[in-house]
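Let's walk through this structure together, moving from a pair of helices to the charged residues that link them.

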Amino acid sequence: MASIAISIPDGEGVRALQEKKKYFQFSHLPIISYLKDSLPPIVAYLREKKTKQDLRKLIHSVKVGTALVLVSLLYLLDPLFGHVGENAMWAIMTVAVIFEFFAGATLSKGLNRGIGTILGGGLGCLAAALAQQVGGIGNAIVVGASVFIFSAAATYVRLIPRIKKKYDYGALIFILTFNLVVVSGIRAEEVVTLARERLSTIAMGFAICIFISLLVFPIWASDELHDSMASKFEDLASSVEGN
């Protein structure tokens, strides 16, 4: 039978193992102590920051819901519906599309939509009136040519970096409004009336968005920048104190 040799450490070997074990235990004590001191403030700070951000998200959600309820009154209340009719949906679409998290972004997007709607509606009315004056088969030719020219030109303008950065949404609304007004413009009188009613309902939605976004617990991008800069300076001060 094969024999198995078991080595038994002498006294010096046992003493060396005990010293290594003791070094391993005591060498980690400063690290554990540091973590115990530093982790609670970090956790509390992250919890406070997360709570503040969650509160802003909750406020924004409530504001959007309130704005949609207010603009839905154009449908729900008979006197208001009698004035605006089916065009009330444009007010609801305006609120759903332009209401952003930050108040400044809401204002910028609303102005883009207003400018795009006015320009698209005005040029669309002129093109529809010209097509109506031509009459016959020339009506379709004028409408098709105007749609192609203005849509292609607006799309090209959208691709310019300086325009795309600030006015991309306005150019998109211009294309949408112009095509809707021109294509639906069977008679010039109806086109003018349709454009005026849609513009009025869009203005209602825009007014509701601006009122709630700017006056009811407004959330500004500068607040986010301030919090970010403050946190960075706090981290820098903590690291300097640590050194």
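Here is a short tour of helix packing and salt bridges.

This is a predicted model, in which local features need pLDDT of at least 70 and side-chain atom pairs count only at pLDDT 80 or more, while totals for chains, interfaces and linings use all residues. Residues are numbered from 1 along each chain as its sequence is written, and side-chain values use heavy atoms, leaving out hydrogens and water.

Start with helix 6 and helix 7 (residues 161–183), whose axes come within 9 Å and cross at roughly 170 degrees. The two are therefore roughly antiparallel (an angle over 145 degrees, taken between N-to-C directions of lines fitted to C-alpha atoms over the stretch in contact, on a scale from 0 to 180 degrees). Helices here are DSSP runs of H or I with at least four residues, numbered from the N terminus. Contact, meaning heavy atoms within 4.5 Å, involves residues including Val 143, Phe 150 and Arg 158 of helix 6 and Lys 164, Asp 168 and Phe 178 of helix 7.

Now look at the charges. A salt bridge puts a side-chain nitrogen of Lys or Arg within 4 Å of a carboxyl oxygen of Asp or Glu, and the count comes to three. One of them pairs Asp 168 with Arg 158 at 2.9 Å, N to O. Asp 168 lies in helix 7 and Arg 158 in helix 6, so this pair ties together parts 10 residues apart in sequence. Asp 168 also forms a salt bridge with Lys 164, their closest N and O atoms being 3.7 Å apart.

Methods
Parallel < 35°, antiparallel > 145°, perpendicular 65-115°, else oblique.
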